[in-house]
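Here is a short report on aromatic rings and helix packing. Look at the model before reading on.

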Amino acid sequence: MEVTLLAVTQPLDGSSPEALIELAGRVCYQSEPKGDPASFVRKRMQQGHTSIVEHVSFTFRIRGISRGCGNQLVRHRIASYSQASTRYIDMSHVTCVVPPEVAADPDALAVWNTHMSNVQTVYQWLRGYNIRKEDARGVLPLATETEIVATFNCRSLLNFFEQRLAPAAQWEIRELAREMLRLVLPYAPTVFEQYEGGLDD
Ligand SMILES: Cc1cc2nc3c(=O)[nH]c(=O)nc-3n(C[C@H](O)[C@H](O)[C@H](O)COP(=O)(O)OP(=O)(O)OC[C@H]3O[C@@H](n4cnc5c(N)ncnc54)[C@H](O)[C@@H]3O)c2cc1C
């Protein structure tokens, strides 16, 4: 998978995203910033006053994840998505995400590869019968690679990390969550510091 950061909310005065969060938070108390956004933001996070972090958003470009992983991602409703469409894109030569467990077992990998090759052949046959892409796509597996642009605000990302960095989450979306965390930490280190340990798992 390849995850890149396309955009981050940046205050027009040149200050940091966390300075914007502090400014929004201080409106609640009608107080003035004291030049240390980290300390203010950390206290609000500890109080659970997390609505103030909604003022900062991140836009990610996510390539090379499986449709199965994409399905899990877009269940997070408090975010915005644009995804490559199998209605409009010809899927005759797609690539698939191979789970590490399958890749590590030569027998399993042989079965997997045979099936994927058959799928491509069936898709191409269907297209040869003039079946529309939106119907031929019905034979595509969940392992088919997809591309998604996703925009999350920090509060929604906190919820995403809470669920998807956890050991109970599936390996691929955990890997995606780690990549996203790696990208946002430099911009909002205090907001996401509680998840820093998740990078090592
Ligand atoms: C380990 C794991 C296993 C899972 N297994 C399954 C499964 O088997 N089947 C399945 O269907 N899903 C499954 N899910 C998906 C899960 O149920 C959530 O749909 C998904 O993780 C998105 O979480 P969310 O609703 O908190 O996020 P978002 O949709 O981004 O919502 C963020 C928060 O906003 C609030 N919110 C959003 N919409 C509403 C609403 N309509 N009403 C009230 N509050 C709202 C909630 O507080 C929510 O936590 C699984 C998730 C995980 C992490």
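This is a predicted model: local features need pLDDT of at least 70, side-chain atom pairs count only at pLDDT 80 or more; totals for chains, interfaces and linings use all residues.

Rings of Phe, Tyr and Trp (its six-membered ring) pair if their centres lie within 6.5 Å; planes under 30 degrees apart count as stacked, over 60 as edge-to-face and the rest as tilted.

Residues are numbered from 1 along each chain as its sequence is written, and side-chain values use heavy atoms, without hydrogens and water.

The structure holds ten aromatic pairs. Two of them are listed here.

| Pair | Centre to centre | Angle between planes | Type |
|---|---|---|---|
| Tyr29 and Phe40 | 6.4 Å | 70° | edge-to-face |
| Phe160 and Phe161 | 5.9 Å | 55° | tilted |

Tyr29 lies in helix 1 (residues 17-29) and Phe40 in helix 2 (residues 37-47), so their pair ties together parts eleven residues apart in sequence. Helices are DSSP runs (H or I, at least four residues), numbered from the N terminus.

Buried means under 20% relative accessible area, exposed over 50%, partly exposed in between (1.4 Å probe, protein chains only). Tyr29 is partly exposed, at 41%. Phe40 is buried, at 5%. Phe160 and Phe161 are both buried.

Helix 1 meets helix 2 (contact: heavy atoms within 4.5 Å) through residues including Ile21, Gly25 and Tyr29 on helix 1, and Phe40, Val41 and Arg44 on helix 2.

Key:
Helices (H or I, at least four residues) and strands (E, at least two) are DSSP runs, numbered from the N terminus.
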